[in-house]
Amino acid sequence: MDAVLDDFETSALSEREKVLLRYVAKVNDAPGSLSQDDVDVVKAAGWSDAAIFDAVTVCAIFNFFNRWIDGTGVPDVPRDFYSQRAPQDGRMGYRMG
């Protein structure tokens, strides 16, 4: 996970996954420059419209949440918060209900 967070381009992710992350990075960093060509590259890598929609939605939600956190002064959790939490819960997902 750290390798992906540090630089996904040099990580062990598949080229297919890297294509999607490049697209999401552009959605995040330069959304006004997106074109159909960008989407076509992602689709050519085998990603469906639904997968692209989900990736863009997650990016947008995290952008919203991060700006809300920054704007309201909510403190960040330590980098190892989730790795410490996993043994307590046994999984990394959210608890529902």
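Is Trp-68 buried, partly exposed or exposed, and at what relative accessibility? Trp-68 counts as partly exposed, at 42% relative accessibility. Buried means under 20% relative accessible area, exposed over 50%, and partly exposed in between (1.4 Å probe, protein chains only).

## Basis

This is a predicted model: local features need pLDDT of at least 70, side-chain atom pairs count only at pLDDT 80 or more, and totals for chains, interfaces and linings use all residues. Residues are numbered from 1 along each chain as its sequence is written, and side-chain values use heavy atoms, with hydrogens and water left out.

## Aromatic pair

The count comes to one aromatic pair. Phe-65 and Trp-68 form it, stacked, at 6.0 Å centre to centre and 25° between the planes. Rings of Phe, Tyr and Trp (its six-membered ring) pair if their centres lie within 6.5 Å; planes under 30 degrees apart count as stacked, over 60 as edge-to-face and the rest as tilted.

Both residues lie in helix H4, three residues apart, about one turn of the helix. Helices (H or I, at least four residues) and strands (E, at least two) are DSSP runs, numbered from the N terminus. Phe-65 is partly exposed, at 41% relative accessibility.

## Nonpolar core

The largest nonpolar core has 11 residues in all, among them Val-19, Tyr-23, Val-42, Trp-47 and Cys-59. Such a core is a set of buried Ala, Val, Leu, Ile, Met, Phe, Trp, Tyr and Cys residues joined through side-chain atoms within 4.5 Å. Helices H2 (15-29), H3 (36-44) and H4 (49-72) each supply at least two residues of this core. H2 gives the most, with five.

Val-19 touches Val-41, Val-42 and Ala-45, not counting residues up to four places away in sequence. Contact means heavy atoms within 4.5 Å.

## Asp-38

Asp-38 sits in helix H3. Asp-38 counts as buried because its relative accessibility is 18%. Its contacts are Tyr-23, Lys-26 and Ser-33, not counting residues up to four places away in sequence. Asp-38 and Val-27 are 11 residues apart in sequence and 9.9 Å apart in space, C-alpha to C-alpha.

## Largest pocket

The largest pocket has a volume of about 1,600 Å³. On a 1 Å grid over the protein atoms alone, a pocket is an open set of points where a 1.4 Å probe fits, with protein on both sides within 12 Å along at least five of seven lines; lining residues have an atom within 4 Å of a point.

Of the 33 lining residues, Met-1, Leu-5, Phe-62, Asn-66 and Tyr-82 are the closest to the pocket centre. H4 gives the most to the lining, with 10 residues.

Key:
Grid points are joined across faces, edges and corners, and a volume is the space filled by probe spheres set on the points.
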